[in-house]
Amino acid sequence: MLFALVVVAAASVVVALLQRFAPPTTRGHNNELGTTLFELLTVLYAIVLAFVLITAWEDKNEAGHVTYKEANELVDVYWSAAALEPDQRDDVRAAVRAYTDEVIAVEWPAMRDQDPITSEGLMLLDAMRAPVAAVQTDEDAVQARLDTTRDGVLSVEEYRTERLFQAQRGLGPVMWTVLVPGALLVFAVMLTLGTPTRKYQYVLVGLISGMVALMLFAAYQLEYPYSRSGATDPAAYEAAIDRFDVIDEQYTH
């Protein structure tokens, strides 16, 4: 909101300076061509901006879904480790807990601050795999649980990759090169239009510049789903830790 108010204030200053040299009441002859150009630019810009906002919003929602999918796979791996011998089971579950703690305590702050992610998470995924890979069995039921564990670790790795990609993707410099200059171009054409009164020009410029500023601010906040305002939180992984505790307390003997 503050950003939009600053933009409106800056636009009002530009209008005030322009009116000293070219009052809007004397620019009516520009309106035939200027209105056509203004309508064309605003329609094109609105389409691009709407596409960006919808894409950013969908990416943010998908990021939330990915966290819960990854956390659920971690819980499944924790459960399926019961098919292993006690020592191997405990090794897998310790690796699952360490990985979950790594996501919450290390990877999440790094994603929030747009910092590089260390390879510790990958090392912990290997620690989950190792005890399972060492097991040989002829029992179909045990083999099915082992396959489930292997597939679960693979799914965790895939969701982790997707999460880290989403955390760094953003809109990109090319898209911002379209959005910001496009807004300035719309503003420039708007200033060439004549209006019946000076006050009407202030209202016209203020409303349009404020609306564009709000939408650009929304795009900026939604650009990275794991940082800035309304960022996705690690609640899914915190809930997974609670489930680990319940499994240990009530279902592990």
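Here is a quick tour of this chain, from its overall build down to one of its helices. Keep in mind that the model is predicted.

Let's start with the big picture. Draw a box around its C-alpha atoms along the principal axes and you get roughly 90 × 30 × 30 Å.

Some whole-chain values are handy to have in one place:

| Property of the chain | Value |
|---|---|
| Residues that count as buried | 39% of 253 residues |
| Distance between mean positions of positive and negative charges | 14 Å |

Those charges are 18 positive and 34 negative. As for contacts, take the ones between residues at least 6 apart in sequence: 83% of them join residues at least 24 apart.

Now zoom in on helix α6, which covers residues 173–191. This 19-residue helix reaches 27 Å from its first C-alpha to its last, close to the 27 Å expected at 1.5 Å a residue. Which residues in α6 are buried? They are Leu179, Gly182, Ala183, Val186, Phe187, Val189, Met190 and Leu191. As background for reading that list, an α-helix has 3.6 residues a turn, so residues three or four places apart point the same way.

Methods
Residues numbered from 1 in each chain as written. Predicted model: local features only at pLDDT ≥ 70, side-chain atom pairs only at ≥ 80, totals over all residues. Heavy atoms only, no water. Helix = DSSP H or I, 4+ residues; strand = E, 2+ residues; numbered from the N terminus. Expected span 1.5 Å × (residues − 1). Buried < 20%, exposed > 50% of the residue type's maximum accessible area, 1.4 Å probe, protein only. Contact = heavy atoms within 4.5 Å. Lys, Arg positive; Asp, Glu negative; His and termini not counted. Charge placed at Lys NZ, Arg CZ, Asp CG, Glu CD.
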